[in-house]
Amino acid sequence: MEKGKSNIIAAAIIAVGICVLGFCLKAGIDNFVNKDRRVTVKGLSEMEMPADKVTWPIVTKETGNDLQELYASINRKQSAIKSFLTSNGISEKEIIVNAPRVNDRDANDYSSQRSTDRYNVTSVITVTSTNVERVSDLVLRQGELLARGIAIVESYDNSIMYEFTSFKDIKPKMMDEAIENAKKTANQFAEKSGLKLNKIETADQGYFSIDDRDVNTPQIKKLRVVTTVTYSLK
């Protein structure tokens with residue numbers, strides 16, 4: 001009787017062992033089969049924001065043969081420009097007056113002819129402000145300076161520049177949106193394939209860019225975040 005009971009217990013232990021082994025084998029086979037089942041997708045988040053910083057170089061030029069007269073004229077124009085700015089809400093700390101640059105045309109070794117006006121003096125007053133709307137309004141009103149005999153010179157090297165400096169504050173929100181969009185794309189792929197989305201295997205920090213919305217509205221910035229996420233499938 002004891003012997004029969006022992007045989008039953010031994011058989012039960014063997015059966016349990018076989019079941020456990022079967023589960024382990026199944027899990028191993030599933031892992032082997034599913035190890036290459038993954039999908040890599042990109043998630044996109046885009047947003048338009050107004051610039052929060054503006055840099056406006058105000059360039060004027062004077063030409064002539066008498067340096068003293070040229071400097072006196074430049075100083076008068078600089079004073080008039082500063083008065084125009086401060087009377088319209090621009091603070092002194094937002095204004096930088098750069099030293100005039102003098103170009104002596106007769107000192108140009110590559111020129112074979114003497115110039116009518118020997119000296120070309122360039123003055124640059126730079127306005128840097130976070131009050132973008134106010135500065136943009138003054139840019140449109142710079143014709144008032146022309147009425148005072150002050151011509152603002154357009155220059156590729158000194159063009160107005162708009163920036164968006166608060167990107168770090170909005171970056172986490174855009175990253176979350178980009179990852180969520182990536183997950184939606186991955187879910188669609190999994191459903192089409194008859195599979196289910198599993199956990200994230202890898203994810204990058206994303207590609208970030210800030211560009212002008214278009215050439216006519218540089219004060220509006222287009223923010224873009226692209227992230228790449230790899231999910232496992234089951």
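1. Helices and strands here are DSSP runs, numbered from the N terminus. The model is predicted. Along the sequence, the order of elements reads α-β-β-α-β-β-β-α-α-β-α-β-β-β. That comes to five helices and nine strands.

2. Overall figures. The protein has 234 residues, and 30% of them are buried. The accessible surface is about 15400 Å². Carbon and sulfur atoms hold 53% of that surface. Among contacts with a separation of 6 or more, 78% join residues 24 or more positions apart. Several of the pairs below can be read with that figure in mind.

3. The core. Nonpolar side chains tend to be buried together in soluble globular proteins. In this model the largest nonpolar core has 20 residues. Which of them touch the most other members? They are Trp56, Ile58, Ile81, Leu85, Ile90, Val127 and Val135. Four elements each supply at least two residues of this core: strand E2 (53-64), helix H2, strand E5 (119-129) and helix H3 (132-140).

4. Trp56 deserves a look of its own. Leaving aside neighbours within four places in sequence, Trp56 contacts Leu85, Ile125, Thr126, Val127, Val135, Leu138, Val139, Gln142 and Ile160.

5. The aromatic pair. How many aromatic pairs does a search of the whole structure find? The search finds one. The partners are Phe167 and Phe208, with ring centres 5.7 Å apart and planes at 70°. Planes over 60 degrees apart count as edge-to-face, so this pair is edge-to-face. Phe167 lies in helix H5 (residues 167-192) and Phe208 in strand E8 (residues 207-212), so the pair ties together parts 41 residues apart in sequence.

6. Phe208, at 26%, counts as partly exposed.

7. Glu46 is in strand E1 (residues 38-50) and Lys222 in strand E9 (residues 220-233), so the bridge ties together parts 176 residues apart in sequence. Both ends are partly exposed: Glu46 has a relative accessible area of 36%, and Lys222 has 35%.

8. Arg213 pairs with Glu48, and the closest N and O atoms are 3.4 Å apart. Arg213 sits in the loop between E8 and E9, while Glu48 is in strand E1, so this bridge ties together parts 165 residues apart in sequence. Arg213 is partly exposed at 37% relative accessible area. Glu48 is partly exposed as well, at 44%.

9. Lys53 pairs with Glu163, and the closest N and O atoms are 4.0 Å apart. Lys53 lies in strand E2 and Glu163 in strand E6 (residues 161-163), so parts 110 residues apart in sequence are tied together. Lys53 is partly exposed, with a relative accessible area of 28%. Glu163 is partly exposed too, at 25%. As for shared partners, salt bridges join Glu46, Lys222 and Arg224 into one network.

10. Asp211. This residue is found in strand E8. Asp211 is partly exposed, with a relative accessible area of 43%. Which residues does Asp211 contact, leaving aside neighbours within four places in sequence? They are Ile220, Lys221 and Lys222. Asp211 and Glu48 are 163 residues apart in sequence, and their C-alpha atoms are 9.6 Å apart in space.

11. The surface. Leu67, Tyr71 and Val102 make a nonpolar surface patch of about 210 Å². Leu67 is placed in helix H2 (residues 67-86). With a relative accessible area of 30%, Leu67 is partly exposed. Helix H2 also supplies at least two residues of the core.

Technical notes
Residues are numbered from 1 along each chain as its sequence is written. This is a predicted model: local features need pLDDT of at least 70, side-chain atom pairs count only at pLDDT 80 or more; totals for chains, interfaces and linings use all residues. Side-chain values use heavy atoms; hydrogens and water are left out. Patches are made of residues with over 30% relative accessible area and no salt bridge: like charges are joined within 9 Å, nonpolar side chains (Val, Leu, Ile, Met, Phe, Trp, Tyr) within 5 Å. Accessible areas come from the Shrake-Rupley method with a 1.4 Å probe; for residues, only the protein chains shown count as cover. A salt bridge is a side-chain nitrogen of Lys or Arg within 4 Å of a carboxyl oxygen of Asp or Glu. Buried means under 20% relative accessible area, exposed over 50%, partly exposed in between (1.4 Å probe, protein chains only). Contact means heavy atoms within 4.5 Å. Rings of Phe, Tyr and Trp (its six-membered ring) pair if their centres lie within 6.5 Å; planes under 30 degrees apart count as stacked, over 60 as edge-to-face and the rest as tilted. A nonpolar core is a set of buried Ala, Val, Leu, Ile, Met, Phe, Trp, Tyr and Cys residues joined through side-chain atoms within 4.5 Å.
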